[in-house]
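Subject: Structure for your review

Dear colleague,

Please find the structure below, handed over for your use. A written account of the findings follows it.

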Amino acid sequence: MTAVPISWYLILGAVLFTIGTLGVLIRRNVIVIFLSIEVMLNAVNLVFVSLSRHLHSMDGQVIVFFVMTVAAAEAAVGLAIIITVFRNRQTVNVDELNLLRW
Amino acid sequence: MWVEIGIAAIKTGAILGVVMALAGVFGWFERKVSAYMQDRVGANRCSVFGFAGAGLINTIMADPLKFATKEDFVPAGVDRLLHTLAPCVNFFPVLVAFAAIPFGDVLEAGGRSINLQAVPLNVGVLYILAMVSLSVYGVVLGGWASNNRFSLLGGIRGSAQMISYELAMGLSIVAMVMTYGTLDLQTMVRAQGHLIGGWLPAWGVLYQPLAFLLFLTAGMAETKRSPFDLPEGESELVAGYFIEFSGVKYLMFFMTDFIEVAVVAGLLTTMFFGGWQVPYLMRDGFHFPLGVTVALPHLLVVALQIVSFLLKVVFFGWLQCLIRWTLPRIRYDQLMGLGWKGLLPVSLANVLATAVVILAWQA
Amino acid sequence: MHPVLFLILAALLIVSALCVVLQPSPVRSALSLVVTLFLMAVTFLLLDAQLVAALQVVVYAGAIVVLFLFVIMLLNLRDEPRALARLGTQATALVLGSLFLLALIRFLVTPPKLSASASAATGMATPVSADFGSAQVLAERLFTHYLLAFEVTSVLLLVAIIGAVVLAKRKLV
């Protein structure tokens, strides 16, 4: 059974990361932007795990553990901020959240 | 390779069949246990082609058949994809959770040793926790896809309840994992085979009685069974988050309730009551404490172990039905208070105490 | 892992990630994210990372996205008429995104060089030890080599909890 070369995993990670980035740039709903950031984080996790398998080292998986934890913390605080902004401005469209614009 | 795939398929098919049958049996228990506890007879008007004898089989099949043949009514303004998806998303994780539960020891047949567990994962406990986490989506989606304010409230309350009690459940499982030093359920069951002091089977409940009570409570709250069934509230909210589902979709929500009973019962037997272990039964026969041994053929041993597992699961399903019809429903704030301010600190203290005892034992 | 299996998983992953980004309804985006996370967990399983796969489903798909869904439902966000940015922004983003992707791929096609101290028998084709990716090995690495990061992460989680509670609390008038 032939194995999948590491470059295929890295390219898949790159494609997913780019899709996430495009989501952050194109979408106007703050929550969907957040979801796209999670897609980016997952692409990075994929790269870490595949490199960990390639190099036979557990360090990659330990780092994925930390990435997941930080993503959880970030999601909690980010969503709390979104709730507060919604309470004050009644919108989650980033085009309308422009009070700091000069 | 094809033989292995065939064996895995047979194991999976057998587990699916038995789980669905158990769900039907628990549905029947629900009616009959509640009936006898309330001093009435219960459902007994069931006959197939004039043959009213086998009441059990009729009552098991009657409910699913009734729901499957009803009209599938979709309310206006719903997202149709989500409305169809919600019961499926609710149904899938609880069925799949049974894959990691071992129902027997190794079966030696045809020169192969077949491990009687559908998927021998070395992170079996985490897999089951993962499937329990995924079952929150069914509730959330059921509430949202109904285009109904009260369903949405019921769905959000239900999912908040589920994620709160997941913590207590996970921590009581952590205490068991610490006691046995492994995440693999088959290893945990095998470790419950030896005898303490030469006569007492070393079942998990003797090592961790508090974890057993915590897991029973958290498991019943997680699966939204009474007395924690406010999101469903049959006498108050009609059906809570699955009001707007009818026909086969309602059947899937209904079956999920009983399959979850089976999953919690399966986990209770596996971790706390020795799983498929029969007391004093080793691989070659009975070894009673006073030196009496009874040799038994291998297939009979395996059959005894599978039957013992099934009996224990049925017992714990019966126990859950019993608890349901004894206790009144508790209010939502009382429920959340119990989860966060009651079960969570107690389970944390249990983990701490287990750690101290293990370290002292090793010293 | 078999190449055909990888290609199927890769195609499904890309399709679900595109669904996350392109669906006008936020609830469907969140559900597509759940599908993406589940597929990612399957990929991890096939890369001999069993604990990380289980954690992915428990933590990411089972808790984080549920939190997202709660917020979407509490704010009652329906499909919006102008879900995507203006056409000019979209075109610029697409062009820059493609350039970015091409740059990434150009640097990733050559596999990383193994250092001199790494053993000669590493690579995707060589099998790993039986407990690679299990909880025991990961825990051993985590609690010895990465202990400081672990403790700091627990403080980070505490800070995040306090921050989220303070931010989302309604001010008592």
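**Contact between chains B and C**

Where chains C and B meet, 16 residues of chain C and 18 residues of chain B take part in the contact. On the chain C side, the elements that supply two or more residues are α2 and α3 of chain C. The largest share, twelve residues, comes from α3(C). Sorted by class, this side of chain C has 13 nonpolar residues, three polar residues and no charged residues. Please bear in mind throughout that this is a predicted model.

**Contact between chains A and C**

Two pairs of chains are in contact, and of these chains A and C share the most contacts. Here 72 residues of chain C are in contact with 62 residues of chain A. The side of chain C that touches chain A draws two or more residues from each of α1 (3–22), α2 (26–46), α3 (50–74), α4 (87–108), α5 (135–144) and α6 (147–168) of chain C. The element that gives the most to this side is α3(C), with ten residues. By class, the side of chain C that touches chain A comprises 56 nonpolar, twelve polar and four charged residues.

Chain A and chain B, by contrast, are not joined by any contact, and their closest C-alpha atoms are 13 Å apart.

**Chain C on its own**

Chain C contains six helices and zero strands, so that its elements read α-α-α-α-α-α from the N terminus on. Of its 173 residues, 29% are buried. Among the contacts in chain C with a separation of 6 or more, 54% are between residues 24 or more positions apart.

The chain is divided into domain 1 (1–78) and domain 2 (130–173). Taken over C-alpha atoms, the centres of domain 1 of chain C and domain 2 of chain C are separated by 22 Å. Five residues from domain 1 of chain C and five residues from domain 2 of chain C make up the contact between them. On the domain 1 side, these residues divide into three nonpolar, one polar and one charged.

**Confidence in chain B**

The mean pLDDT of chain B is 85, and 94% of its residues reach 70 or more. Among the elements of chain B, the lowest mean pLDDT (75) belongs to helix α2 (residues 55–68) of chain B, and the highest (93) to helix α12 (residues 332–362) of chain B.

**Helix α9 of chain B**

Helix α9 (residues 209–222) of chain B has 14 residues. From its first C-alpha to its last, α9(B) reaches 20 Å, close to the 20 Å expected at 1.5 Å a residue. This helix is mostly covered, with eleven of its 14 residues buried. Among the buried residues of α9(B) are B:F212, B:L214, B:F215, B:L216, B:M220 and B:E222. The cover over the buried residues of α9(B) includes α4 (124–134), α6 (149–180), α8 (204–207), α10, α11 (298–324) and α12 of chain B. Just after α9(B), B:K224 takes a positive phi of about 55°.

**A residue in helix α10 of chain B**

B:V261 lies in helix α10 (residues 248–272) of chain B. Is B:V261 buried or exposed? B:V261 counts as buried because 30 other C-beta atoms lie within 10 Å, where the cut-off is 20 or more. Leaving aside residues up to four places away in sequence, B:V261 touches B:F26, B:T223, B:R225, B:G317 and B:Q320. Between B:V261 and B:G181 there are 80 residues in sequence and 27 Å in space, C-alpha to C-alpha.

**A three-stranded sheet in chain B**

Chain B also holds an open sheet of three strands, in the order β5-β6-β7, with antiparallel pairing. The edge strands, each pairing on one side only, are β5 (281–282) and β7 (293–295) of chain B. Two bridges pair β5(B) with strand β6 (residues 285–287) of chain B in the antiparallel sense. Opposite B:M282 stands B:G285 in β6(B).

Yours sincerely

Definitions and conventions:
Residues numbered from 1 in each chain as written. Chains lettered and ligands numbered in written order. Predicted model: local features only at pLDDT ≥ 70, side-chain atom pairs only at ≥ 80, totals over all residues. Helix = DSSP H or I, 4+ residues; strand = E, 2+ residues; numbered from the N terminus. Buried ≥ 20, exposed ≤ 12 C-beta atoms within 10 Å, placed from the backbone. Contact = placed C-beta atoms within 7 Å. Nonpolar A, V, L, I, M, F, W, Y, C, P; charged D, E, K, R; others polar. Domains from an automatic or database assignment. pLDDT = per-residue confidence, 0-100. Expected span 1.5 Å × (residues − 1). Pairing = 2+ DSSP bridges.
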